[in-house]
Amino acid sequence: MSNTKVLIFCWLALVAATAATVYFGANAMTLGSQVGAVLTVAVIKSGLIIDGFMELRHTQTRWRVIMYGWPLAMSVIIAATLLIPYFMAS
Amino acid sequence: MSTSSKQPQAAVVQPAASHALPGDLAMWIFILAELAAFTLFIIAFSVTQMLYPEMFQAGRAQLDPSTGFAMTVGLLSSGFLAALAVERVRANRPRQASLLIVAAIASAMVYVVLKLSEYTHLANAGFDLEYNMFFTLYWLLTLFHFLHVWLGLLVLAFLAWRCFKLGYDAENRSGMESGVMYWHMIDLAWVIIFPLVYLLG
C-alpha cells in the first residue's frame with residue numbers, strides 16, 4: 001500500500017475512533033467499562049498517529065517503544081486515578 | 001507559465017528510509033521533552049480528580065463533548081494534510097505541499113475558533129482560573145496545549161512559505177519533516193487530553 005493510502009486510512013480511522021470515544025464517553029455504562037473503552041481507543045488513536053502520520057513504523061523499535069510508552073503510561077495513570085477510588089468505595 | 005512547471009521534477013515518491021527517523025534527532029529530543037511537560041499537567045489533573053471526584057464531575061458538565069469532537073477532528077485533519085504535504089515534498093512537488101500546509105492551517109483554525117469560543121463562554125459564565133480546582137487545572141492544561149497549537153501554526157506558516165519558495169525538495173526535506181513531526185506531537189498530546197478533560201469520570 002502506498003504511503004498516501006496509509007495516511008488516508010489513518011485519517012479515516014482517527015475520525016471514526018474519535019466518534020467512538022465520544023460515544024463511549026456519553027454512554028451510560030459502568031465507570032470501569034467506560035474508562036477501559038475510552039482509553040483503549042485513545043491508545044489506538046495514538047498508534048495511528050505514531051505509526052501512520054509520524055511514520056515510526058519504518059524506524060527502530062526503540063523509538064516506537066518510547067513513543068508508544070507515552071500514551072500507554074498516561075492511560076495507566078488516568079485509569080488508576082479514576083478506578084482505584086471507585087473500586088475502594090464499592 | 002504554470003506553477004508546476006517551475007518545480008523540480010522527480011519520477012517517484014521516496015518513502016522514509018527504513019530505520020531512519022523522519023526529521024532531525026534534535027526535534028525528536030525536543031518532542032520527548034514536550035511530552036514530559038504534558039505528563040506533569042496530566043498527572044496533576046488526574047491526581048486532583050482522584051481527590052475531588054464530585055467537583056470534577058460538576059466542572060466537566062459545563063463542557064460540551066460535541067465541541068471537543070469537532071476540535072479533535074479539526075486537529076487530526078490538519079495533521080493528515082501536513083503528512084500529505086511531506087509526501088508531496090518527497091515527490092519534488094513543494095508548491096503542492098505549500099497548498100496542503102495552508103489547508104492544514106485552515107483545518108487547525110477550526111480547533112482555534114472553537115477553543116476560543118469555549119474559553120469566552122466559560123469566562124463569561126464565571127468559570128475562570130480561580131473558580132475551583134477543576135477549572136484551575138482545565139485552564140492550565142488546555143491553555144498549555146493551546147499555546148503549543150499557536151507555536152505549531154507559526155511553524156506550519158513558515159513551512160508553507162518555504163515550500164512556496166521551493167526551499168524543500170526530496171533531497172532537502174529534514175526541516176520540513178521536523179516541523180511536521182512537531183505538529184503531530186501536538187495531535188498526540190490532544191488525543192490523551194481530550195478524553196481526560198471532556199469525557200472520563
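Start by selecting A:T81. Is A:T81 buried or exposed? A:T81 is buried, because 22 other C-beta atoms lie within 10 Å (buried means 20 or more other C-beta atoms within 10 Å of the residue's own, exposed 12 or fewer, partly exposed in between, with C-beta atoms placed from the backbone). A:T81 is found in helix α3 of chain A; helices here are DSSP runs of H or I with at least four residues, numbered from the N terminus.

A word on what you're looking at: this is a predicted model, where local features need pLDDT of at least 70 and side-chain atom pairs count only at pLDDT 80 or more, while totals for chains, interfaces and linings use all residues. Residues are numbered from 1 along each chain as its sequence is written, and chains are lettered from A and ligands numbered from 1 in the order in which they are written.

Next, widen the view to where the chains meet. Chain A gives 36 residues to the contact and chain B gives 39. On the chain A side, α1 (3-26), α2 (31-53) and α3 (61-89) each supply two or more residues, and α1(A) has the largest share with 12 residues. That side has 23 nonpolar, 11 polar and 2 charged residues; Ala, Val, Leu, Ile, Met, Phe, Trp, Tyr, Cys and Pro count as nonpolar, Asp, Glu, Lys and Arg as charged, and the others, Gly among them, as polar.

Stay on chain A and pick out α1(A) and α2(A). Their axes (lines fitted to C-alpha atoms over the stretch in contact, with angles from 0 to 180 degrees between N-to-C directions) come within 9 Å and cross at roughly 165 degrees. That makes α1(A) roughly antiparallel to α2(A), a term for angles over 145 degrees. Residues making this contact include A:V6, A:L7 and A:C10 of α1(A) and A:Q34, A:A37 and A:V38 of α2(A).

Last stop: select residues 133-164 of chain B. This is helix α6, with 32 residues. Among its buried residues are B:F134, B:L137, B:Y138 and B:L141. The buried residues of α6(B) pack against α2, α3, α4, α5 and α7 of chain B. Just after α6(B), find B:L166, which takes a positive phi of about 60 degrees.

Methods. Two residues are in contact if their C-beta atoms, placed from the backbone, lie within 7 Å. The expected span of a helix is 1.5 Å times one less than its number of residues. Angles under 35 degrees count as roughly parallel, over 145 as roughly antiparallel, 65 to 115 as roughly perpendicular and the rest as oblique.
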